[in-house]
Each structure stands twice: as structure tokens, then as C-alpha cells.
Amino acid sequence: MQQRSIILGSGSYLPERIVTNAELSKRIDTSDEWIKTRTGIEQRHVAADGEVTSDLALAAAERALESASVDAKEVDLVVLATATPDHTFPATATTVQHRLGMSNGAAFDIQAVCSGFVYGLAVADNFIKAGQAKTVVLIGAETFSRILDWEDRGTCVLFGDGAGAVVIRASEADESEGPADTGHNRGRGILSTHLHSDGSTNDLLYVDGGPSSTQTVGHLRMTGREVFRHAVINLADIVEETLDANGLAPEDIDWLVPHQANKRILDGTARKLGLPEEKMVVTVDRHANTSAASIPLALDEAVRDGRIQRGDLVLMEAMGGGLTWGAGLVRW
Ligand code: UT7
């Protein structure tokens, strides 16, 4: 029987400390006005000294398991999307696995920077469809504050720390589909995922350190304007590809949950889709860009406050370093 991947619950975690634009403007040559107008960001959360990616990931995973009413012992795969692991190795996912009290199954990290969560969605969905996992905890967790050059005003104002997670379970396709589920009214679950990358654009967004090249951690470097240009094109393409693959029109989408990099990029994508602003979940104003964590953070907020309801069609899309980009369409 064909398996379908159902998202059973979500959770998220933000570090306690909030850094406002005003605070940043005391440290570097910037202003609240510039940051707000160019990005929509008003504040970001920053991890406490000693608080590491696995701490954030664990908190989000525990909340997701609780909301899904799933015990950690039932989980057979932990996938953690992060570009800021606790250590070069082992995978931060194995630390989370251990701290969840699991001694079975498998755990690994994936690295697609800001696209990490949609990459993870594809990985989880394909493991489930292949029959290799039944219950997956997928986490996006980042501590970008640790890889920022706090002297570089072009990048340090843009990012924040945080984590979000979902619990995904295999369900036999016919169980999850109601009698009237045909065409774009199909049953619950991950309907499709779409991934792309283009390594020829590596140098637009990268970290200038690493174990094999410099033996240092390094700092994030970005040619912002070029990344912006690629984001507008690639995100419009990926949305179109996803809608086409499912025989859907933009008006069929109930919620757009985009990667939160810049409010201007979000508005551009919604405009291209002809989607009213109220149908887009926006957290960039309060969270800034949390890379792989931004989609599950936004998703969890909209699920908990009741915007996303069972049966809603939710489109997630992201672009990040690589460049990588992708989308996932889910019937909630
Ligand atoms: O998540 C991964 C994907 N990442 C993204 O999608 C980010 C995409 N890029 C962006 O969001 C935008 O390009 C930025 C927000 C990074 C920059 O906005 P922009 O409108 O492209 O500005 P810019 O880089 O062209 O800079 C314009 C001016 C420059 O000054 P001059 O050369 O015109 O005098 C910058 O030096 O703004 C200056 N500037 C700042 N001024 C005050 C750059 N950063 C700041 C700052 N405060 N923080």
C-alpha cells in the first residue's frame, strides 16, 4: 500500500534574549529605519552564552512531540536541518536523539542552509514512502548569531536564532483520504516536494571558514543584492513548478509559509501568486532570518494561533546558500 506522510504536530523554540534594531544601531552604523524599510525586520532572538543548536532543537522537538501526542520512543528517524551544528561531527541530530531518550532508529543532519527545512521535508517524505521510516521528527535549528561578523552591517542585522520541528508519520494513503478526495481535494499529507540547487552560485552566500579549508568556523558572507535577485526568480519558479505538479492554481492555496529572509521578497512572491497578504504567514519582523528554522517557526505559530486548520493547503518555499531552493505542498 502506498504510504503518505502526515504532519501530526509542530513545535518551536526561540531563545529568551531579544535584540532590537535600536540596540544594534548603538553598536554599528545602522538604523531601525534602514533595517525596517529594507527588510521588515524589527528584532531577532539570540541564543544565550553556552546555549547551542541542539538545545534549541531539543526544545522544539519536545514541543512538536507533545502536540502530536507521540512518544519519543515511537520515533525511528530524526532529521535535523542546520548550517550551525554544535560540532563539525557528530551530527547534532544524534545529540537530539540521545537527549530525547531514544536509543533506536537513525539520526542525521542535512545541510541546505535556508532551504534546509524543505530539503528535510523531502527526505522525511521519501524515507516514509520507501518504507524505511514510520515516524520522523524533522527539525530546523540554527544559531546564526555564532557565524555572523558583527562588524558587517550588511549581514549581521539580518539573522536570528531559533528552532522549529514537526512530527511526520506514515499513513496508508487510502486511510487519510476521504470519499470525496479527488484532484486538488486529495487527502491529508505531504502532496509533493521539489528541490533544486546551483553550485555555480556558491560565492553569493557562504561562510568563509570550515574544517577542511581554513580549520576555523568562519563568518557568513553575502552579496545581498544578487541573492535578492535570484530569490525573486527562483521562488516564483518553484511555486509555479509545485502548483503545476499538483494541477493547482494560486487561489487554491490556503496558506503560504515562506522562508523568512526579507519582507520585500515575501511580498514579491505573494504578489506574483496573486495571494492576499493575510494568507501569508509572516514572522520575519520578530524572528529575522533564522535560516532552516524559519519555516517551521512560522508554521508552528500559525498552527497554534488557529490560522492553519485541518484540511488547509499549505505551501512552503525557501531559497538559501548553495544556492539551494525548494518547496513542499502539504494538505494539513
Ligand atoms: O536566507 C537566504 C537568502 N537571503 C536573502 O534572501 C537576502 C537577500 N538580500 C536582501 O535581503 C537585501 O539585498 C539586503 C537586505 C541584504 C540589502 O538590501 P539592499 O536594498 O539590496 O541594499 P544594498 O546591499 O544594495 O545596500 C544599499 C546601501 C549601501 O550603501 P551605499 O553603497 O548605497 O552607500 C549599503 O552600504 O545600504 C547600505 N547598508 C546599510 N545601511 C544601514 C547595507 N546594510 C546596511 C545597514 N544599515 N544595516
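Visitor: Which element gives the largest share of the shell around the ligand?

Guide: Helices (H or I, at least four residues) and strands (E, at least two) are DSSP runs, numbered from the N terminus; here helix 8 gives the largest share of the shell, four residues. This is a predicted model, in which local features need pLDDT of at least 70 and side-chain atom pairs count only at pLDDT 80 or more, while totals for chains, interfaces and linings use all residues. Residues are numbered from 1 along each chain as its sequence is written, and side-chain values use heavy atoms, with hydrogens and water left out.

Visitor: How many residues surround the ligand?

Guide: A residue is near a molecule if one of its heavy atoms lies within 4 Å of it; in this model 23 residues surround the ligand, with Thr 30, Arg 38, Arg 225, Asn 262 and Asn 289 the closest.

Visitor: Which atom of Arg 225 lies 2.6 Å from an oxygen atom of the ligand?

Guide: A polar contact is a pair of N or O atoms within 3.5 Å, and for Arg 225 a polar side-chain atom lies at 2.6 Å from that ligand oxygen. Thr 30 places a polar side-chain atom 2.7 Å from a nitrogen atom of the ligand, whereas Gly 224 has a backbone N or O atom 3.0 Å from a ligand nitrogen.

Visitor: What is the make-up of the shell by class?

Guide: Ala, Val, Leu, Ile, Met, Phe, Trp, Tyr, Cys and Pro count as nonpolar, Asp, Glu, Lys and Arg as charged, and the others, Gly among them, as polar; the shell has eleven nonpolar, seven polar and five charged residues.

Conventions: A polar contact is a pair of N or O atoms within 3.5 Å; within protein, one must be able to donate a hydrogen and the other to accept it, and residues adjacent in sequence count only if both atoms are side-chain atoms.
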